[in-house]
Structure formats: structure tokens, C-alpha cells
Amino acid sequence: MSGDNHKGNLSDEWTKLDELLEWLNNIEFSRPKKVIARDFADGRFMAELLKKYYPRMVELHNYPSANSISNKLKNWQVLNNKVLIPLGLGQSERFLTDVASGVKGTVEHLLCLIKNKIDDQKKKEEKEMEQVIYFEDEPFKSTASPAEFKSMKTLVALKEEEIEALSSKVKHLEALIQLKDQRIDDLLAQVNRCTCFRNLASY
């Protein structure tokens with residue numbers, strides 16, 4: 001019985017690995033892919049992968065290609081602090097050292113965690129799109145694809161940023177107008193005082 005369970009676990013592991021490799025093969029990297037443990041050891045490939053799904057969180061210039069384990073580890077430490085921890089996928093220093101050293105199975109484990117998180121996020125977005133929207137008591141379903149929905153969310157975020165920027169400009173212009181009005185009032189007051197002085201002098 002235990003032997004059957006062991007075979008089942010191995011089968012599941014191989015299935016997950018096949019799915020992981022298929023997923024990675026559909027992602028373009030800056031260098032040809034050869035061996036996962038070595039390819040991801042300096043953190044550059046991981047940064048490129050995360051840039052694809054979380055573009056605002058990753059700045060690729062922070063993760064230069066590296067040869068020494070110490071420089072590879074530095075890349076992973078930056079990636080851990082700036083991206084993995086905020087995503088809830090933070091790793092220990094020991095784990096990062098193993099990944100930088102190319103220890104087999106470590107980066108594969110992390111990649112599976114990341115893939116699961118991305119898959120869960122996609123499912124959540126698809127579920128949000130399928131939610132029934134009631135308008136005038138009539139149910140409607142969104143017909144947008146996941147890519148279109150994501151694009152619309154990005155567009156809305158950009159528009160909100162534009163509105164915020166325009167609002168700041170309007171406030172700035174209103175402040176300038178207020179200052180100009182105050183200046184005009186001051187000048188009018190000065191003119192009135194000068195007129196009074198001239199009238200007094202004429203007496």
C-alpha cells in the first residue's frame with residue numbers, strides 16, 4: 001500500500017515538473033535556457049520572469065548577470081527583499097544560498113510556488129470577470145477575455161493617475177490665481193492711497 005502511495009507521489013511530482021518546464025518554455029529569457037538550477041542561479045532569469053507578471057515591482061538593472069556565488073547571492077537578496085517578501089514568498093538566507101549555489105531542486109521549488117501564485121491570481125481575475133453585474137435589475141455577464149480585463153484595469157489605473165496629476169495642476173493654478181488676486185488688491189489699495197495723498201496735497 002505504501003509503495004502505491006510512493007508511486008503516486010512520484011507521478012504527481014513528475015507531472016508538476018512537466019507543467020513547470022512547459023510554462024518556462026513559453027517565457028522568453030535574455031539567454032538560452034539549458035539547466036534550470038544553473039540558469040536561475042544568479043537571479044537574473046527569476047527577475048525577468050517576475051518582471052513579466054509583476055512589472056512594477058521589478059527593475060532589471062538591479063539584477064546583473066553574475067559568476068561568483070557571492071554576487072549571485074546579492075542578486076537573490078535584493079530580489080527577496082524587493083519582490084518575494086512583498087508577494088508573500090520570502091525565503092530564508094539558507095535557501096537563497098542554496099539557489100545561488102545551484103543546489104538541485106531548490107529553485108524548482110520556488111518556481112512552483114510562484115507559478116501557483118500566478119495561477120491563483122489568474123483564476124481570481126477570471127472569477128471577478130464572471131461575476132454577474134446587475135444593471136436595472138437585469139443580469140449581465142462580462143464577455144471580456146482575461147487579457148482584455150487586465151488591460152482595462154491597467155488603463156483605469158493610468159487614467160486615475162492622470163486625473164490625480166490634473167487635479168494637482170488645478171490646485172496649483174487656483175493657488176496662483178489667489179495670489180494674483182491678492183496682488184491686484186494690494187496694488188489697488190496702493191493706487192487709492194496715492195490718490196488720497198494727491199487730493200490732500202492739492203488743498
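Let's start with a term: helices are DSSP runs of H or I with at least four residues, strands are DSSP runs of E with at least two, and both are numbered from the N terminus. By that rule, Leu173 has its place in helix 7, and we'll come back to that residue.

A word on what you're looking at. This is a predicted model, where local features need pLDDT of at least 70 and side-chain atom pairs count only at pLDDT 80 or more, while totals for chains, interfaces and linings use all residues. Residues are numbered from 1 along each chain as its sequence is written, and side-chain values use heavy atoms, leaving out hydrogens and water.

Okay, the overall picture. The protein has seven helices and two strands. Reading from the N terminus, the order is α-α-α-α-α-α-β-β-α. The protein has 203 residues, and 26% of them count as buried. Buried here means under 20% relative accessible area, exposed means over 50%, and partly exposed is in between, with a 1.4 Å probe and protein chains only. The protein exposes about 15,000 Å², and carbon and sulfur atoms supply 56% of that. Those areas come from the Shrake-Rupley method with a 1.4 Å probe, and for residues only the protein chains shown count as cover. As for contacts, meaning heavy atoms within 4.5 Å: among those between residues at least 6 apart in sequence, 48% join residues at least 24 apart.

How many does the structure hold? There are six salt bridges, and I'll show you three of them.

One pairs Asp42 with Arg31, with the closest N and O atoms 3.9 Å apart. Asp42 sits in the loop between helix 2 (36-39) and helix 3, and Arg31 in the loop between helix 1 (2-25) and helix 2, so this pair ties together parts that are eleven residues apart in sequence. Asp42 is buried, at 3% relative accessibility, whereas Arg31 is partly exposed at 29%.

Next comes helix 3, residues 44-53. This helix is mostly covered, with eight of its ten residues buried. Among those buried residues are Phe45, Met46, Leu49 and Tyr53. An α-helix has 3.6 residues a turn, so residues three or four places apart point the same way.

Moving on to helix 4 (residues 69-84), we find Asn81. Asn81 is exposed, at 52% relative accessibility. Its C-alpha atom is 9.3 Å from that of Gln91, ten residues apart along the chain. Then there's helix 5 (residues 93-100), where the buried residues are Phe95, Leu96, Asp98, Val99 and Ala100. After helix 5 comes Gly102, with a positive phi near 75°.

Setting aside neighbours within four places in sequence, Lys115 contacts Glu19, Leu20 and Trp23. Lys122 is in helix 6 too, but Lys122 is partly exposed at 40%.

Patches are made of residues with over 30% relative accessible area and no salt bridge; like charges are joined within 9 Å, and nonpolar side chains (Val, Leu, Ile, Met, Phe, Trp, Tyr) within 5 Å. Lys and Arg count as positive and Asp and Glu as negative, with His and the chain ends not counted. A charge is placed at NZ of Lys, CZ of Arg, CG of Asp or CD of Glu. Lys52, Lys122, Lys124, Lys150 and Lys153 form a positive patch. Helix 6 (106-130) and helix 7 (146-202) are the elements giving two or more residues to that patch.

Last stop, helix 7. Here Lys159 and Glu162 meet in a salt bridge, 3.9 Å from N to O. They are three residues apart, about one helical turn. Lys159 is partly exposed at 42%, and Glu162 is partly exposed at 44%. And back to Leu173: with Leu176 and Leu179, Leu173 forms a nonpolar surface patch of about 290 Å² of accessible area together. Leu173 itself is partly exposed, at 48%.

How values were computed:
Salt bridge = Lys/Arg side-chain N within 4 Å of Asp/Glu carboxyl O.
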